[in-house]
Amino acid sequence: MPGFAPSDLDALIIGGGPAGLTCAIYLARYRRKVVVVDSRESRAALIPATHNYPGFADGIAGPKLLEALAAQAKTYGVEIIADRVTVLQLARSGFEATCSQGTITAKRAVLASGLIDRDLGNPDLQQAIGYGLVRYCPICDGFEATDLRIGVLGSANDAGTKALFLRTYSRYVTLLTLDGNGCGEPLSR
């Protein structure tokens, strides 16, 4: 890995999902020296087809979207390092990040590390995601569930707000809580 002095690197982006790569593209187009550290665990890679990303009206698979964004970022000179940042701390002239390949110093750091979904240890979950039967993001996938029967699983507070949001797309929403508060009760507004 090349050694970056604080004056060399304008921005370190932690996370190579759609948000991190889009950020990298914009910063590089503003003539900033940018490095992305990507653990290759973006939840976008699980999406069989998203219709929620501008420019792809017919949808695009998550892995293809990530591939296209990475290719575009590289055309502007963005370096993408496959690694995981384990420590991020303030440094004298910005930030210092540690990963297995060494230390990266940058004037600015952008955290675009995304979310980690709970899969409850179900071995069939990945196949259900691939078929579009299980989805993680109500904002990304709510439209595709219009007028379908939807089950929302999670803690009452977190899943409850998502279930209420999904009621704007379907009147058939059932909240399934993991904390014993009204498991299986239909949700009405």
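How many residues does helix 2 have, and how far does helix 2 reach from its first C-alpha to its last? Helix 2 (residues 62-75) has 14 residues and reaches 20 Å between those two atoms. That is close to the 20 Å expected at 1.5 Å a residue. The expected span of a helix is 1.5 Å times one less than its number of residues.

This is a predicted model, in which local features need pLDDT of at least 70, side-chain atom pairs count only at pLDDT 80 or more, and totals for chains, interfaces and linings use all residues. Residues are numbered from 1 along each chain as its sequence is written, and side-chain values use heavy atoms, with hydrogens and water left out.

**View 1. The whole chain.**
The secondary structure comes to 5 helices and 10 strands. Helices (H or I, at least four residues) and strands (E, at least two) are DSSP runs, numbered from the N terminus. The C-alpha trace spans about 55 × 35 × 30 Å along its principal axes. Of the 189 residues, 33% count as buried. Buried means under 20% relative accessible area, exposed over 50%, and partly exposed in between (1.4 Å probe, protein chains only). Among the contacts in the chain with a separation of 6 or more, 49% come from residues 24 or more positions apart. Contact means heavy atoms within 4.5 Å. The chain exposes about 11,600 Å², and carbon and sulfur atoms supply 54% of it. These areas come from the Shrake-Rupley method with a 1.4 Å probe; for residues, only the protein chains shown count as cover.

Gly62, Leu65, Leu66, Leu69, Ala70 and Ala73 are buried in helix 2. They lie on the same side of helix 2, because they cover an arc of only 130 degrees around the axis. The arc is that of the directions from the helix axis to the C-beta atoms. Helix 1 (18-29) and strand 3 (79-82) pack against these buried residues. On the face turned away from the buried side sit the exposed residues Lys64, Glu67, Lys74 and Thr75. Gly77 follows helix 2, with a positive phi near 85 degrees.

Helix 1 has 12 residues, which should span 16 Å at 1.5 Å a residue. Its end C-alpha atoms are 16 Å apart, so the two values agree. The buried residues here are Gly20, Leu21, Ala24, Ile25 and Ala28. Their arc around the axis is only 135 degrees, which puts them on the same side of helix 1. They pack against strand 1 (11-14), strand 2 (34-38), helix 2 and strand 3. The face turned away from the buried side carries exposed Ala19, Tyr26 and Arg29.

Most residues other than glycine have a negative phi. Arg31 has a positive phi of about 65 degrees although it is not a glycine. Arg31 follows helix 1, in the loop between helix 1 and strand 2. Where does Arg40 lie? Arg40 is in the loop between strand 2 and helix 2. Phi of Arg40 is also positive, near 65 degrees. Arg31 is exposed, with a relative accessible area of 78%. Arg40 is exposed as well, with a relative accessible area of 53%.

**View 2. Helix 5 and its cover.**
In helix 5 (residues 156-166), the buried residues are Ala159, Gly160, Ala163 and Leu166. They are on the same side of helix 5, because their arc around the axis is only 125 degrees. Their cover includes helix 4 (138-141), strand 8 (150-154) and strand 9 (173-177). Asn157 and Thr161 are exposed on the face turned away from the buried side.

Phe165 is partly exposed, with a relative accessible area of 32%. Which residues does Phe165 contact, leaving aside its neighbours within four places in sequence? Phe165 is in contact with Pro138 and Ile139. Gly142 is 23 residues from Phe165 along the chain, and their C-alpha atoms are separated by 8.5 Å.

**View 3. Gly130 in helix 3.**
Gly130 is found in helix 3 (residues 125-130). Its relative accessibility is 45%, so Gly130 counts as partly exposed. Gly130 and Asp83 are 47 residues apart in sequence. In space they are 26 Å apart, C-alpha to C-alpha.
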